[in-house]
Amino acid sequence: MISYEFLMASAIGVLVASGVYLLLRSRTFPVVLGLTLISYAVNLFLFSMGRLKVGAPPIVGAQLEYTDPLPQGLVLTAIVIGFAMTAFAITLAVKAHVVLGNDHVDGKEST
Amino acid sequence: MNHFMVLPVIIPMLSALVCLLLGDGLRNTKRVIGAAAILGTLAVSFYMLSLTSSGQVITYGFGDWPMPFGIVFVLDRLAALMVALTSVLGLFAYLYAITGPDTRGPAFHFLFLMQITGVNGAFLTGDLFNLFVFFEILLLTAYVLVVYGSGPARTRTGMQYVFLNLVGSALFLIAIGVIYAVTGTLNMADLAVKLAQVGGNDAMLVRASGYLLIVVFGAKAGLFPLFFWLPHSYGAVTAPVAALFAIMTKVGVYAILRSTTLFFGPEQGFVENLVVPYLLPAALITLVVAVLGALASTKLRTMSAYLLLASIGTMVAGIGLFNAPGISGALYYMLHSTLIMGALFLVADLILSQRGPDIRDSFEYGPKIRQPLLLGLLFMFTFIGVLGLPPLSGFLGKAQILAAGSSTPWQVSLWAVILVTSLLTMVAVARAGTTLFWNTSDTLETRSSVAGWKTYPIVGLLACVVLLTVFAGPLMAFTQATADQLLERTSYISAVLGAP
């Protein structure tokens with residue numbers, strides 16, 4: 001039986017690795033995708049920082065066992081901010097494509 | 001309750017929202033609202049300075065949650081000083097902006113005020129995650145302000161600026177996650193207590209997260225080796241935005257100073273003096289690289305951005321000495337250099353607009369400047385400040401940092417680097433001045449504009465620098481007391497958590 005922690009850790013690791021790989025590409029679209037994957041990984045990571053528990057509500061006193069509610073609050077903030085940032089990055093990438101005439105991150109085709 | 005403490009955040013935020021609701025029209029109304037908001041913030045910040053000068057640390061817990069569970073604002077000498085500096089710089093940058101640059105795109109007043117909101121919040125907050133949130137507020141507005149005014153150069157650097165800072169935000173969150181997982185708190189005062197008690201099993205985790213945090217702050221400050229984004233971004237943005245951005249790098253410096261003194265300082269168990277040994281070498285390398293960059297620049301604005309970087313190097317060197325005179329000198333130098341750098345970017349804009357749209361601020365043979373005496377005087381006066389020559393305050397700050405470095409192991413390298421780079425800066429500035437003002441044809445550029453009202457904010461900033469020099473005595477007493485308060489820590493911690 002694979003543990004919950006192992007699954008989470010692998011998922012975060014794979015997301016970050018793919019994200020970093022995409023981030024190092026030279027086109028804006030893969031870079032934005034890479035940023036998105038990294039922000040997913042960060043959100044999962046933040047979510048698991050209060051330790052992983054199955055079947056425990058984030059309410060103190062409702063049950064004998066409870067999950068730390070703070071990381072859930074924090075991850076909500078991080079998701080909202082990450083969403084806004086991604087939206088802005090995409091808009092900027094489109095604008096850059098219009099203004100500069102290509103989708104290279106340096107603004108010019110490498111020859 | 002100390003409700004006034006949220007005013008430096010609330011005033012610009014609400015005014016920004018009003019400006020947004022007013023839409024695209026009513027430009028003059030928005031100009032007045034913005035100016036009133038910044039003046040209000042300035043007044044509050046001076047009240048804060050007077051309150052904290054007695055050494056008391058004031059806290060404001062949101063929702064009155066018991067500490068350390070709620071979000072808290074903490075006002076100590078350092079926070080008051082930084083908020084006041086932001087307000088002064090913001091006021092003059094804004095006054096410059098409303099002489100015309102604010103017409104180049106929509107929502108300028110909203111963005112400018114939100115930027116001030118984010119910066120003030122970052123200085124006042126006593127909670128690590130809240131610091132992240134304010135970082136995001138100031139970054140998100142900065143992303144838009146970087147590309148404000150459009151154009152290929154701004155779009156290109158803007159894109160790189162956004163991508164880099166998004167990665168920085170991800171690293172910041174990871175660091176916060178690890179710190180919370182190990183210590184169970186994000187309150188900075190509580191962290192100072194809990195990080196000292198971390199057990200051996202988690203030693204590597206907290207150390208790694210500490211390094212990550214400093215990488216994020218270092219990237220914001222533009223410290224070597226994380227400075228590469230700064231010269232091109234700052235060299236391309238609209239002048240009043242560049243002037244305001246002079247405070248943005250100081251947010252990074254502030255975060256480094258706060259974290260190294262409060263929770264990565266001495267007697268902190270496994271994170272004891274985590275980054276202090278690396279700060280001074282990094283600062284000196286920054287200084288050397290920045291001055292070489294200034295020598296190699298082909299445009300006045302790029303050179304100004306490199307000189308901004310050099311000033312960061314100087315003040316982080318003072319912090320890196322990690323003694324009270326060093327930090328005090330660094331703070332005084334920060335007051336000076338932030339204001340003078342703001343003035344520098346504005347002067348560069350005036351020179352640029354009088355040389356016409358063809359060569360702008362490139363160091364090339366070009367048309368004569370329309371008002372050579374006025375701009376020449378502003379240029380000379382500003383650069384006396386930038387170089388740190390007497391009689392202006394930059395000299396006093398640098399001298400204090402040098403004095404703080406004497407009789408430490410770093411004395412030789414610190415003195416050598418600071419003095420030699422000052423000389424090289426002088427060479428770079430002399431080359432810039434002679435090219436811009438003397439290597440000219442006899443014809444005037446027909447498309448150039450007269451400086452007019454735009455001169456006054458620059459004169460205002462320079463007058464503030466003169467005031468810094470005149471009142472150097474009381475100001476240095478204040479920065480000295482600030483440094484003592486930072487190093488002693490207990491007043492900050494007990495103000496938040498209650499006396500032990």
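Modeller: pLDDT is the predictor's confidence in each residue, from 0 to 100. The model above is predicted, and that scale is the place to begin.

Colleague: What mean pLDDT do the two chains have, chain A and chain B?

Modeller: Chain A averages 87, with 97% of the residues scoring at least 70. For chain B the mean is 88, and 99% of its residues reach 70 or more. For the complex, the predictor gives an ipTM of 0.92 and a pTM of 0.93.

Colleague: Let us turn to helix packing. At what angle do α3(B) and α4(B) pack?

Modeller: The general idea is that an angle over 145 degrees counts as roughly antiparallel. Helix α3(B), residues 77–97, and helix α4(B), residues 108–124, pack at about 170°, with their axes 9 Å apart. These two helices are therefore roughly antiparallel to each other. Among the residues making the contact are B:M82, B:G90 and B:Y94 of α3(B), and B:F112, B:I116 and B:N120 of α4(B). The contact comprises 11 nonpolar, 3 polar and no charged residues.

Colleague: Which residues of α13(B) and α14(B) meet?

Modeller: Helix α13(B), residues 300–321, packs against helix α14(B), residues 324–354, at an angle of about 175°, with the axes 9 Å apart. That makes α13(B) roughly antiparallel to α14(B). The residues that meet include B:R301, B:L307 and B:M315 in α13(B), and B:Y333, B:M341 and B:F345 in α14(B). By class this contact has 15 nonpolar, 7 polar and 1 charged residues.

Colleague: How far apart are the axes of α16(B) and α18(B)?

Modeller: Their axes lie 11 Å apart, and helix α16(B), residues 372–387, packs against helix α18(B), residues 411–437, at about 170°. The pair is therefore roughly antiparallel. Residues in the contact include B:F379 and B:F383 of α16(B), and B:M426 and B:V429 of α18(B). The classes are 7 nonpolar, 4 polar and no charged.

Colleague: Is β4(B) buried or in the open?

Modeller: Of the 5 residues of β4(B), residues 440–444, the number buried is 0, so the strand lies largely in the open. Strand β3(B), residues 366–368, runs parallel to β4(B), joined by 2 bridges. B:K368 stands opposite B:L444 in β4(B).

Colleague: Which loop holds B:A107, and which holds B:S407?

Modeller: Most residues other than glycine have a negative phi. B:A107, in the loop between α3 and α4 of chain B, has a positive phi of about 65° although it is not a glycine. With 18 C-beta neighbours inside 10 Å, B:A107 counts as partly exposed. B:S407, in the loop between α17 (393–405) and α18 of chain B, is likewise not a glycine and has a positive phi of about 55°. B:S407 is exposed, with 7 other C-beta atoms within 10 Å.

Colleague: Where is B:A239 placed, and is B:A239 buried or exposed?

Modeller: A residue is buried if 20 or more other C-beta atoms lie within 10 Å of its own. B:A239, in helix α10(B), residues 239–245, is buried, with 23 such atoms. Leaving aside neighbours within four places in sequence, B:A239 is in contact with B:Y96, B:P101, B:F345, B:L346 and B:D349. B:A239 and B:Y96 are 143 residues apart in sequence and 8.6 Å apart in space, C-alpha to C-alpha.

Technical notes:
Residues numbered from 1 in each chain as written. Chains lettered and ligands numbered in written order. Predicted model: local features only at pLDDT ≥ 70, side-chain atom pairs only at ≥ 80, totals over all residues. Axes fitted to C-alpha atoms, helices over the stretch in contact; angles between N-to-C directions. Helix = DSSP H or I, 4+ residues; strand = E, 2+ residues; numbered from the N terminus. Parallel < 35°, antiparallel > 145°, perpendicular 65-115°, else oblique. Contact = placed C-beta atoms within 7 Å. Nonpolar A, V, L, I, M, F, W, Y, C, P; charged D, E, K, R; others polar. Buried ≥ 20, exposed ≤ 12 C-beta atoms within 10 Å, placed from the backbone. Pairing = 2+ DSSP bridges.
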